[in-house]
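Here are my notes on the cavity and the salt bridge. Have a look at the model first, then see whether you read it the way I do.

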Amino acid sequence: MIVNILFLFIIIHRCGLKHQYELKTRRNKFNTMKNTWKIYMLAFISFIVGTSEFVIAGILDKVAASANISVSAAGQLITVFSIAYAFGPPIIMMALAKWDRRKLLILALSILVLGSFMTVTLSGFIFLIASRVVLALGTGVFVITAITVAPKLAPEGRQAGAVATIATGFSAALVIGVPIGRVLSTAYDWKTIFWGIGIICLLAIFAVARTIPVTEGDAPVPLGKQLTLLKKPNILMSLGMTLFVFISYSVVQTFMTPFLSSIMKMGDGEISAALFGLGIASLIGSKLGGFLADRIGTARTLFGSNVFQVLALILLSIISGSLIGSITLLIIWMIAAWSFGSVQNFNVVSLAPEASGIMASLNSSFTQLGIAAGAGIGGIAAGSSSMLAITWVGAASVTIAVLIAAILFSPARMFEKNIMTK
């Protein structure tokens, strides 16, 4: 009798343990699903935030007409945004490094709401420039913070995927946000886009406040430590390559809409379709860059992508009268440019893996400086000559990047790098 009772007790105890295990497993799965949706929510907000940056290039002609300025002058809105993005967010992040990450996300979204409100309510080119500065600060702080929060929400072993999800949401603004912005600006007014961005960012403040858990900040990285890395020749040359590639990219991308309308004689519907196609090409380029780097190496991929950019831009200026040929070359150029961008991030970080965060930040700053300089140079070229001049200027800039790559990846320098690594 006692044996039976003990046996029954053991069965009940095991059933209880099994039930507790099942409850714990279900609870973990439920928490993982909840956190996954939080990551996707941050990715969606990143898409909206990214649209606030990229959409100007797609509606540049309409902004210029609304503000009674030339298209080349309107291009400086991208210059101002990129300069503010390059310098402002890193300073804010260093100053507020100890802040709870949720508070930083809310602060960034509040800045974006303010910038959107300024864009749609204040008239005049000076106020438009001021609103771009405010939007750049909000965009940079949000993206940087979201990238640090996402891995902490992800389950073990999926942190990298969480960061990639945020990055995909941001880059999707180029694929989806810019064409949608073009359509909305044609059907309504271009300021409608920023009404939408402002309202969604306002709603996002409440969503972040309710769903994102409190996350502790990090210790600030001194600016001096970041600048010390620039004394190393390989790092400085690699960042110089980033600078000249993105000067070239910005010269062409900033004035893509007026180029398509004036040189290729496209209408609004055709321009929207072309921008969507180029957005798809950017995604293909990002994936292709990683694929090629794994197969043929980082050096060959970076050098090859730069060579293809030069060839595509030179040929584009020669056969600009052919619609199909021009679109094909623009797609090749976009794929090559984004192949470079995806691989260069890995290349720069690999030069100083012990300071990967600082290297990624420096590469991002040089990218934004290149975009700013490219928009300014492109504005001068487009204003003083034909819109076709942007292809020659773009080709010249990326040619400098090819020369840097030839030196950086020369057999002698690569041998020296391998020796130092060993």
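1. The largest cavity holds about 50 Å³ of space. A cavity here is a set of points on a 1 Å grid over the protein atoms alone where a 1.4 Å probe fits but cannot get out; points join across faces, edges and corners, and the volume is the space filled by probe spheres set on them. The count by this rule is one cavity of 30 Å³ or more.

2. Before going on: this is a predicted model, with local features needing pLDDT of at least 70 and side-chain atom pairs pLDDT 80 or more, while totals for chains, interfaces and linings use all residues. Numbering runs from 1 along each chain as its sequence is written, and side-chain values use heavy atoms, without hydrogens or water.

3. What lines the largest cavity? Leu174, Val178, Gln253, Leu275, Leu278, Gly279 and Met334 do, lining meaning an atom within 4 Å of a point. Helix 7 (159-187) and helix 12 (268-296) each give two or more of these residues, and helix 12 gives the most, with three. Helices are DSSP runs (H or I, at least four residues), numbered from the N terminus.

4. By class, that lining has five nonpolar residues, two polar and no charged. Gly counts as polar in this scheme.

5. The whole structure has one salt bridge (a Lys or Arg side-chain nitrogen within 4 Å of an Asp or Glu carboxyl oxygen). Asp61 and Arg182 form it, at 2.7 Å, N to O. Asp61 sits in helix 2 (residues 60-67) and Arg182 in helix 7, 121 residues apart.

6. Are the two partners buried or exposed? Arg182 is buried at 1% relative accessibility, whereas Asp61 is partly exposed at 22%. Buried is under 20% relative accessible area, exposed over 50%, partly exposed in between (1.4 Å probe, protein chains only).

Note on methods:
1 Å grid on protein atoms, 1.4 Å probe; cavity = no way out; pocket = protein on both sides within 12 Å on 5 of 7 lines; lining within 4 Å.
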